[in-house]
Amino acid sequence: MSVGVLLMTHEAVGQALISAAHHVLPKLPLQVEAVEVPPQADPDVMRTLTAKHARALDQGDGVLVLADLYGATPCNIGLSLGALGVRLRCVSGLNLPMLLRVLNYAERPLDELAEIAASGGRGGIFIDHA
């Protein structure tokens, strides 16, 4: 089983998270790519570009889209890929714990990875009790 992972983010966020993930896991167990949407980007052009990335990532088990901010352009583009025939699940609120949790459960199917992503993202947030 091999789900592709597509990070949909604002500029510089996606590549920074991939770089940080490589620091923790030098060999990533899943194929991970980032599409970073510049501020003045045409959403239709970005949707076409993103669909190409998503199709390349899908080896038959689907694509997990991890978006940085629900309702923002990168997330909306990611969500729109389903209408273009890409089998995907989308989880927003992307953070490093979310990405690492997904990579640590690389053998799981798409639907389960979406739940794991959400759990990992929430579980990586702590408030000090000073």
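**Sheet and helix packing in the predicted model**

Helix α4 passes helix α5 in a right-handed crossing. In this predicted model, the axes of α4 (residues 96–104) and α5 come within 7 Å and cross at roughly 140 degrees. Angles over 145 degrees would count as roughly antiparallel, and α4 and α5 are therefore oblique to each other. On the α4 side, the contact is made by P97, M98, R101 and V102, while α5 contributes L113, I116, A117, S119, G120 and G121. Classified by residue type, the contact of α4 with α5 comprises six nonpolar, three polar and one charged residues.

Helix α4 also packs against helix α1 (residues 13–24), here at an angle of about 55 degrees and with the two axes 10 Å apart. Helices α1 and α4 are therefore likewise oblique to each other, and their crossing is right-handed. The residues involved are L17, I18, A20, A21 and V24 of α1, together with L96, L99, L100 and L103 of α4. This contact of α1 with α4 divides into nine nonpolar, no polar and no charged residues.

The strands form an open sheet of four members in the order β2-β1-β3-β4, with parallel pairing. Strands β2 (32–37) and β4 (88–92) stand at the edges; each has a single partner strand, so one side of each is left without a neighbour in the sheet. From one strand to the next, the twist averages 20 degrees. Within the sheet, β1 (residues 4–10) pairs with β3 (residues 63–67) in the parallel sense over five bridges. At the residue level, M8 has A67 of β3 as its bridge partner.

At the level of the chain, an unreviewed UniProt entry carries the annotation "domain: PTS EIIA type-4" for residues 2–125.

Notes:
Residues numbered from 1 in each chain as written. Predicted model: local features only at pLDDT ≥ 70, side-chain atom pairs only at ≥ 80, totals over all residues. Heavy atoms only, no water. Pairing = 2+ DSSP bridges. Helix = DSSP H or I, 4+ residues; strand = E, 2+ residues; numbered from the N terminus. Axes fitted to C-alpha atoms, helices over the stretch in contact; angles between N-to-C directions. Parallel < 35°, antiparallel > 145°, perpendicular 65-115°, else oblique. Left-handed = near helix turned anticlockwise from the far one by under 90°. Contact = heavy atoms within 4.5 Å. Nonpolar A, V, L, I, M, F, W, Y, C, P; charged D, E, K, R; others polar. UniProt positions renumbered as here; feature names shortened; annotations may be inferred.
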